[in-house]
Amino acid sequence: MKKIRRIGVLTSGGDAPGMNAAIRAVVRTAIYNGLEAIGVKRGFLGLMEGEFVKLELGSVGGIIQRGGTILQTARAEKFKTEEGLIEAVNRVTEAGLDGLVVIGGEGSFKGAWELYKRGVPTIGVPGTIDNDIAGTDYTIGFDTAVNIAVDAINRLRDTASSHERMFVVEVMGRKSGFIALMAGVASGAESILIPEMEYNIEEICERLRRGHERGKTHSIIVVAEGVASANQIRDMILDRTGYEVRVVVLGHLQRGGSPTAFDRILASRLGAKAVELLVEGVGGKMVGLEGNSVVVYDLPYSWENEKSIDLELYKLSGILSI
Ligand code: F6P
């Protein structure tokens, strides 16, 4: 087995709370194992351009509680071309990196796989608020995003009940409904619309009418961005019921702020495991959490398998908001 000496770490795609905790874990585990740690700025874009910075123990001090990513991130179209990949591999070789930890979502994992196929040992650490990666129950940042959405909905409920109003709250998640489902259940939303399940607007309106008739003063409808915009849902409700409905799009608020304890611990465990795998001479893998165990899969597992939503929980949300 070739003894490795120096590894790189980068964050790519949308930032997610907890990415800094993962960077910290990678750097500290690397140094603990006698390796040099190199930070790559601005994701794959910085990799192609050779934006490297040496990270010491102190470089990652005081960041475990910070949102965003100290390495910054980017979405790099050029990296998807053969030319971009070759540039990246050349920079890796020149910098003497024996391995690379890629913290990001599905697109980042695909990039990590392409690098692996061209001879760079890579390990993917799932970091995205969307939780849409197979091979892990949770992605880094998801728990924080759900808690932010719940906090926002709690506040909206105050206004909703004071003014006897309905709110449609749009949450992120790309094509998946994980954030909407969890935030909806945790905040007692009256209806939850997720891309994984068909919705019936007549039924939603009927539910609102029933609530209204029995004196309910407020209703919250959570819609995942992958279903429709909150404005579209509001218009449909207005057309059918005439009720006054307000719209709130939480947007990027869900991606910022201090990570929850859960995300920090998840990031610490997965970041450390990624380095251990590189030390063992392993590449082309992703790390994840299943149950309470850290697991390892080939990178393609994450996009070749569907991460299914908890349909029992979805059903329960309908029962509890009857
Ligand atoms: O993947 C994270 C995410 O926040 C998605 O939920 C959302 O659809 C997308 O990124 C937004 O991307 P951008 O920050 O480029 O607008």
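**Contacts, burial and pairing in a predicted model**

Guide: The side chains of Thr144 and Asp263 are joined by a polar contact of 2.5 Å. The model discussed here is a predicted one.

Visitor: What makes the pair of Thr144 and Asp263 a polar contact?

Guide: The limit for two N or O atoms is 3.5 Å. The side chains of Thr144 and Asp263 are 2.5 Å apart at this contact, so the pair falls within the limit.

Visitor: Why is Thr144 called buried?

Guide: A residue counts as buried under 20% relative accessible area. Thr144 has 2% and therefore counts as buried. This residue belongs to helix H5, residues 142-163. Leaving aside residues up to four places away in sequence, Thr144 touches Pro17, Ser258, Pro259, Thr260 and Asp263.

Visitor: What makes Ser176 buried?

Guide: Its relative accessible area is 6%, and the cut-off is under 20%, so Ser176 is classed as buried. Ser176 sits in the loop between S6 and H6. A polar atom of its side chain lies 3.3 Å from the backbone oxygen of Asp130. Among the residues that Ser176 touches, beyond those up to four places away in sequence, are Asp132, Pro195, Glu196 and Ala224.

Visitor: How is Leu181 classed, buried or exposed, and why?

Guide: Leu181 has a relative accessible area of 1%. Since buried means under 20%, Leu181 is buried. Leu181 lies in helix H6. Not counting residues up to four places away in sequence, Leu181 touches Ile192, Ile194, Ile309, Asp310, Leu313 and Tyr314. Leu181 and Lys315 are 134 residues apart along the chain, yet their C-alpha atoms are separated by 10 Å.

Visitor: Which strands does helix H6 lie across?

Guide: Helix H6, residues 178-186, lies across strand S6 (166-171), S7 and S8, and runs at about 170 degrees to S7.

Visitor: How do you know that S7 and S8 pair?

Guide: Pairing requires at least two bridges.

Visitor: Why are S7 and S9 said to stand at the edges?

Guide: The open sheet has 4 strands in the order S7-S8-S6-S9, with parallel pairing. Strand S7 (191-193) and strand S9 (245-249) each have a single partner strand, so one side of each lacks a neighbour in the sheet. On average, neighbouring strands of this sheet are turned by 20 degrees against each other, direction ignored.

Visitor: What makes S10 and S11 a pair?

Guide: Strand S10 (residues 285-290) and strand S11 (residues 293-298) are linked by 6 bridges in the antiparallel sense. As at least two are needed, the strands pair. The bridge partner of Val287 in S11 is Val296. The hairpin of S10 and S11 has 2 residues between the strands, and Gly291 there takes a positive phi near 60 degrees.

Visitor: Which residues are around the ligand?

Guide: They include Arg75, Asp130, Gly173, His252 and Arg255.

Conventions. Residues numbered from 1 in each chain as written. Predicted model: local features only at pLDDT ≥ 70, side-chain atom pairs only at ≥ 80, totals over all residues. Heavy atoms only, no water. Axes fitted to C-alpha atoms, helices over the stretch in contact; angles between N-to-C directions. Contact = heavy atoms within 4.5 Å. Buried < 20%, exposed > 50% of the residue type's maximum accessible area, 1.4 Å probe, protein only. Near = heavy atom within 4 Å. Polar contact = N/O pair within 3.5 Å; in protein donor to acceptor, adjacent residues only side chain to side chain.
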